[in-house]
Amino acid sequence: MRRSAFDKLISWTGLVLAALLVVAGGLASWAHFFIEDQVQSQLVSQRITMPEGEAIKSLSDADRKALEPYAGSPLDTGAEARAFADHYILAHMNASSGNRTYEEVSGEFMQLTDQEKASEAGQEVAALRQSLFMGNTLRGLLLNAYAFGTMGLIAGLAAIASFLGAALLAVLSVLGLRHAKTREAELATI
């Protein structure tokens, strides 16, 4: 195989790959913007305002530091959802339950007799059980928003990488085709 034919083959393959990367970048861009829009619209519809001031004063230093950058703002991003779920809801759940999980409190409640469940202490365990269940449910929803927000961010980065790769391949392919043409002209003069 002549060198110019090989250069053309590699260059055209590079152009095809560049086109595929442009398509992949377009799809990744669409995914990024779609996910970002969905996460934001779903979170905004909940009308949660990130806690501030007295609401976070009693929290641990780590929890307070995680929430302070978002204090007072509407919860509308995956990062805010994670901070609220892991450093506000979970902190309150742990404080109210003595660091026991929903499963542990529910197990305690289920072991009570009907008479014990009807007692004041039993009703307190039932209320804590319900509170932990609701907290876990909200945390799960918020952490799903965080996970999808992270996937959207990754899709955006993949789009950028695809477009950069496509541009690089296109430039290299054009240079390869130009080299093949130059090489053919040199061989024609020999």
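Analyst: Let us begin with a pair of residues and their separation, bearing in mind throughout that this is a predicted model. Gln42 belongs to helix α1, which covers residues 3-44, and Gln42 counts as partly exposed because its relative accessibility is 49%. From Gln42 to Leu59 there are 17 residues in sequence, and the C-alpha to C-alpha distance is 27 Å.

User: How far apart in space are Glu120 and Asp37, C-alpha to C-alpha?

Analyst: Glu120 and Asp37 are 47 Å apart in space, with a sequence separation of 83 residues. Glu120 lies in helix α7, which covers residues 120-189, and Glu120 counts as exposed because its relative accessible area is 64%.

User: Which residues does UniProt place in the feature "transmembrane region", and what does the model show there?

Analyst: The unreviewed UniProt entry places that feature at residues 12-35 and 146-175. In the model, residues 12-35 are 100% helix and 0% strand, with the end C-alpha atoms 35 Å apart. Residues 146-175 are likewise 100% helix and 0% strand, and there the end C-alpha atoms are 44 Å apart.

User: How should I read backbone phi angles, and which residue in the loop between α1 and α2 is a case to look at?

Analyst: The general idea is that most residues other than glycine have a negative phi. In the loop between α1 and α2 (54-57), the case is Arg47, which has a positive phi of about 55° although it is not a glycine. Arg47 counts as exposed because its relative accessibility is 76%.

User: Where is Asn99 found, and what is its phi?

Analyst: Asn99 is found in the loop between α4 (78-97) and α5 (102-111), and its phi is positive, about 65°, although Asn99 is not a glycine. With a relative accessible area of 56%, Asn99 is exposed. Helix α4 is followed by Gly98, whose phi is also positive, near 65°.

User: Which residues of α4 are buried?

Analyst: The buried residues of α4 include Gly78, Ala81, Ala83, Phe84, Ala85, Tyr88, Ile89 and Met93, and Glu80 is among them as well.

User: What should I check for a buried charged residue such as Glu80?

Analyst: The question is whether a partner is at hand, since side chains of opposite charge can pair when their charged atoms come close. Glu80, in helix α4, is buried yet has no salt bridge, and the nearest side chain of opposite charge, Arg82, is 13 Å away. The side chain of Glu80 does, however, have a polar contact of 3.1 Å with the side chain of Ser73.

User: How many salt bridges does the model hold, and which residues are linked in a network of them?

Analyst: With a cut-off of 4 Å between a side-chain nitrogen of Lys or Arg and a carboxyl oxygen of Asp or Glu, the count comes to 5 salt bridges. Arg82, Asp86 and Arg139 are linked in a network. Arg82 pairs with Asp86, their closest N and O atoms being 3.6 Å apart, and both residues lie in helix α4, 4 residues apart, about one turn of the helix. Arg139 also forms a salt bridge with Asp86, the closest N and O atoms being 2.5 Å apart. Because Arg139 lies in helix α7 and Asp86 in helix α4, this pair ties together parts that are 53 residues apart in sequence.

User: Which residue forms a salt bridge with Glu108?

Analyst: The partner of Glu108 is Arg100, and their closest N and O atoms are 2.7 Å apart. Glu108 counts as partly exposed at 32% relative accessibility, and Arg100 is partly exposed too, with a relative accessible area of 28%.

How values were computed
Residues are numbered from 1 along each chain as its sequence is written. This is a predicted model: local features need pLDDT of at least 70, side-chain atom pairs count only at pLDDT 80 or more; totals for chains, interfaces and linings use all residues. Side-chain values use heavy atoms; hydrogens and water are left out. UniProt positions are given in the numbering used here, feature names are shortened, and annotations may be inferred rather than shown by experiment. Helices (H or I, at least four residues) and strands (E, at least two) are DSSP runs, numbered from the N terminus. Buried means under 20% relative accessible area, exposed over 50%, partly exposed in between (1.4 Å probe, protein chains only). Lys and Arg count as positive and Asp and Glu as negative; His and the chain ends are not counted. A polar contact is a pair of N or O atoms within 3.5 Å; within protein, one must be able to donate a hydrogen and the other to accept it, and residues adjacent in sequence count only if both atoms are side-chain atoms.
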